[in-house]
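Let's take a quick tour of a protein model together. Have a look at the sequence and the 3D view before reading on.

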Amino acid sequence: MVALLDHKTLISKPSLFRALTGVEASEFNSIYARVLAKYEESEEKRLARDDRKRKVGAGHPFTLPLQERLLTFLMYYRVYATSALLGFLFGVDQSNVIKDIHKLEPLLKSILPTPQKVYGRVKQLQTLQEIQAMFPELKAFTDATEQQIPRPQRKLKRKTHYSGKKKRHTVKTQLTVNSQGLIVHKTRHAKGSMHDYALFKRGHPDLPKKVKEEFDLGYVGVKGDFPGLNCAVPFKKKNPGRGKVGVKAEELSEEQKAFNKELASERVVSEHTNSRLKKFLIWGGIFRNRPRCYDVMTDIVSGLVNFRILGTLTV
């Protein structure tokens, strides 16, 4: 099978390379250098697993070189094309594409600055200078994002994963970012029917006391349930209650409106981060893969976004 696309051809067109992979050519080279350095160790660990049925060395060798497999992996995450299309472009069978992607996922997750690694660094912050380096404005922004999944076959799952907000079946992930958009914390995915605040109570970051955590209206009540939390929540109109037909909610004061407006202008950075994540269509489109692979996918995409923000693979 003849390949219609390869690394040499694509890297000669920088704008097309960025559009198809989600990273610049220089960033791809940095990732490839780290993958190449850790590849042999990763392969030895994979081949030495206890459930292996054949001796090491058995089986057909990889058809594509490592650089082409990494390119295929990034294209899969960025454009979320089918394995049949990627196989056609790179001159391999679609089963090879799937195997190459699954075998590279643990390695990519280990080298990228994933939220777990960043949060581990946050837990080690002690001095004010270290805290300000991680949180330049001493502020963090928490929000949840949803992704559509195919309509579940089981009735119970259709009910638990149906999002009343999105009017479709979804899974939900909560993210906490700093003022630069760096993802410092990410939860495991939850059912689409779960409320944002319920997800926060199930798993939320423990940030330094000097860092103010800012929320939207989906987190009303956090101040009462977490009195020691340094946070800001927008003001909400008070509902007049049931039975009061035609009675409007009391308008917010000018000071409250000004506070809400300023808070929204600061929190827009979390929306920008969500936009960056959703440009990788494996997270931005309908998730077609198995649910057990979902958190690995979000770890890798978050790591790629963090890498582009930090400019380095080291946290």
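Here is a short briefing on charged pairs, a cavity and a surface patch.

Keep in mind that this is a predicted model. It has 13 salt bridges, and a search of the whole structure turns up 1 cavity of 30 Å³ or more. There is also a nonpolar patch on the surface, formed by Leu4, Leu85 and Phe88.

**Salt bridges**

- Side chains of opposite charge can pair up when their charged atoms come close.
- Take Glu266 and Lys139: they form a salt bridge, and their closest N and O atoms are 2.7 Å apart. This pair connects distant parts of the chain, since Glu266 sits in helix 12 (residues 254-278) and Lys139 in strand 1 (residues 139-148), 127 residues apart.
- Is Lys139 buried or exposed? Lys139 counts as buried because its relative accessibility is 19%, and the cut-off for buried is under 20%.
- Asp295 and Arg188 also meet in a salt bridge, at 3.3 Å from N to O. Asp295 lies in helix 14 (residues 294-310) while Arg188 is in the loop between strand 4 (183-186) and strand 5 (190-191), so the pair ties together parts that are 107 residues apart in sequence.

- One of the links is between Glu24 and Arg18, with the closest N and O atoms 3.3 Å apart.
- Glu24 is partly exposed, with a relative accessible area of 26%, and Arg18 is partly exposed too, at 34%.

**The cavity**

- How big is the largest cavity by volume? Its volume is about 60 Å³.
- Its lining is made up of Tyr39, Ser42, Glu43, Phe62, Arg69, Asp100, Lys103, Leu104 and Leu107.
- Which helix gives the largest share of that lining? Helix 6 does, with 4 residues. Helix 3 (25-47) and helix 6 (94-111) each supply at least two lining residues.
- Sorted by class, the lining has 4 nonpolar, 1 polar and 4 charged residues.

**The nonpolar surface patch**

- Together, Leu4, Leu85 and Phe88 have about 310 Å² of accessible area.
- You can find Phe88 in helix 5 (residues 83-90).
- Phe88 is partly exposed, with a relative accessible area of 49%.

Methods. Residues numbered from 1 in each chain as written. Predicted model: local features only at pLDDT ≥ 70, side-chain atom pairs only at ≥ 80, totals over all residues. Heavy atoms only, no water. Patch = residues over 30% accessible without salt bridge, like charges linked within 9 Å, V, L, I, M, F, W, Y side chains within 5 Å. Areas by Shrake-Rupley, 256 points an atom, 1.4 Å probe, with all protein chains shown as cover. Salt bridge = Lys/Arg side-chain N within 4 Å of Asp/Glu carboxyl O. Buried < 20%, exposed > 50% of the residue type's maximum accessible area, 1.4 Å probe, protein only. 1 Å grid on protein atoms, 1.4 Å probe; cavity = no way out; pocket = protein on both sides within 12 Å on 5 of 7 lines; lining within 4 Å. Points joined across faces, edges and corners; volume = space filled by probe spheres on them. Nonpolar A, V, L, I, M, F, W, Y, C, P; charged D, E, K, R; others polar.
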